[in-house]
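Here's a quick briefing to read with the model open beside you. It goes topic by topic, with the cut-offs spelled out as they come up.

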Amino acid sequence: PAPGPASGAKAGSGGRITMGFAQVGAESGWRTANTKSVQEAAKKAGIELKFSDAQQKQENQIKAIRTFIQQKVDVIAFSPVVESGWDTVLKEAKDAGIPVILTDRAVDTKDTSLYKTFLGSDFVKEGRSAGEWLTAAYANQQGPVNIVELQGTTGSAPANDRKAGFADVIRGDGRFRIVASQSGEFTRAKGKEVMQAFLKSQKDIDVLYAHNDDMALGAIQAIEESGRKPGTDIKVISVDGIKDAFVAMTEGKINVVVECNPLLGDQLMDLAKKVVAGESVPARVETQEGVFPQDKAAAALPSRKY
Ligand code: GYE
């Protein structure tokens with residue numbers, strides 16, 4: 001296919017590819033590892049990276065993408081902070097002939113021609129894995145099981161999907177009740193703050209389901225400060241698999257972590273080279289991940305890469 005106005009020149013003449021990358025922010029350990037992976041992989045691949053940090057604000061990401069369009073980068077990659085509201089700016093990139101790769105988080109749009117591919121995890125599956133661990137852990141016990149949920153950033157794909165997957169699995173079993181559910185914005189500070197509020201407003205909490213490790217780690221502090229034992233008095237389920245969470249598992253404070261892999265850099269650069277060269281790529285590239293219950297944590301900890 002004929003190269004678009006912005007994408008053809010450099011790549012076609014064998015020059016260096018320039019990628020504009022609009023990152024969500026620096027809200028979590030996962031995000032820090034993701035950023036490092038992207039920066040290192042760009043260097044290794046000989047791709048010039050223009051990196052922008054949106055501080056968890058969609059308006060900042062839209063601004064960054066518009067700047068990348070003006071700069072005529074060869075390819076734009078971004079991790080959309082929320083799912084909706086991208087059509088206009090993505091259309092601008094398309095009209096400028098600049099291919100877009102979604103990485104980590106998906107967008108909610110009817111027009112899938114607005115991006116070339118989506119590289120990232122299946123967050124619904126992660127939520128389901130969390131729910132499946134819970135139903136297995138309580139297989140022979142009586143209810144009710146009171147659950148509090150710390151959601152990720154409101155409107156983000158991982159928050160929407162991890163909530164939905166989990167709810168779907170526990171729905172059929174009347175023992176499980178989500179008694180409170182609120183956003184902790186994927187950060188430790190907010191996770192702690194919201195957990196403190198839950199501990200005040202809810203008499204009986206059996207389980208905490210946190211949409212990421214940082215919120216779980218913040219919440220653990222709140223649980224300990226309230227005189228309760230995380231992992232024992234209140235079971236803790238988390239998602240991501242950062243080292244600090246594995247350490248907390250070996251200390252008995254988290255019961256299970258559903259892995260979500262942030263090390264997407266190398267795959268992203270491969271996809272970027274292909275789309276800039278006009279080669280076809282799969283519409284969806286999924287990352288591989290596992291589930292780590294507490295008794296597997298000590299053995300896995302030394303080989304954790306993030
Ligand atoms: O789980 C969380 C981060 O989008 C998968 O964003 C990512 C999520 C991750 O802030 O820690």
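D104 sits in the loop between β4 and β5 (117-120). Helices (H or I, at least four residues) and strands (E, at least two) are DSSP runs, numbered from the N terminus. This is a predicted model, so local features need pLDDT of at least 70 and side-chain atom pairs count only at pLDDT 80 or more, while totals for chains, interfaces and linings use all residues. Residues are numbered from 1 along each chain as its sequence is written.

**Loops worth a look**

- The phi of D104 is near 75 degrees, a positive value in a residue other than glycine.
- D104 counts as buried because it has 28 C-beta neighbours inside 10 Å. Buried takes 20 or more other C-beta atoms within 10 Å of the residue's own, exposed takes 12 or fewer, and partly exposed is in between, with C-beta atoms placed from the backbone.
- K72 isn't a glycine either, yet it has a positive phi of about 55 degrees. You'll find K72 in the loop between α3 (58-70) and β3.
- K72 counts as partly exposed, because it has 16 C-beta neighbours inside 10 Å.
- The peptide bond from G143 to P144 is cis, with omega near -5 degrees. P144 belongs to the loop between α5 (123-137) and β6 (145-151).
- I17 is in the loop between α1 (8-12) and β1, and it counts as buried because 22 C-beta neighbours fall inside 10 Å.
- I17 and G46 are 29 residues apart in sequence, but 7.7 Å apart in space, C-alpha to C-alpha.

**Strand β3 and its partners**

- Strand β3 (residues 75-78) is covered on both faces: V75 and A77 are buried on one side, I76 and F78 on the other.
- Strand β1 (residues 18-23) runs parallel to β3, and four bridges join them. Strands pair here if DSSP finds at least two bridges between them.
- M19 has V75 as its bridge partner in β3.
- Strand β4 (residues 100-103) also runs parallel to β3, joined to it by three bridges. For F78, the bridge partner in β4 is L102.
- A right-handed β-α-β unit is made by β3, helix α4 (residues 87-95) and β4. Right-handed means that, with the strands pointing away from the viewer, the path from the first strand over the helix to the second runs clockwise.

**Nonpolar cores**

- The largest nonpolar core has 44 residues, and L208, A216, A219, I237 and A245 touch the most other members. Helix α8 (residues 213-225) gives the most to this core, with seven residues.
- A nonpolar core is a set of buried Ala, Val, Leu, Ile, Met, Phe, Trp, Tyr and Cys residues joined through C-beta atoms within 7 Å.
- Leaving out residues up to four places away in sequence, A216 touches G191, L208, A210, V236, S238, A245 and I254. Contact means that the C-beta atoms, placed from the backbone, lie within 7 Å.
- A second, separate core of 43 residues includes V38, V73, A77 and I101.

**Around the ligand**

- The ligand is surrounded by 13 residues, the closest being S28, W30, P158, F186 and N212. To be near it, a residue needs its C-beta atom, placed from the backbone, within 6 Å.
- The elements giving two or more residues to this shell are α2 (29-45) and β9 (235-240).
- The shell divides into five nonpolar, two polar and six charged residues. Ala, Val, Leu, Ile, Met, Phe, Trp, Tyr, Cys and Pro count as nonpolar, Asp, Glu, Lys and Arg as charged, and the others, Gly among them, as polar.

Key: Contact = placed C-beta atoms within 7 Å.
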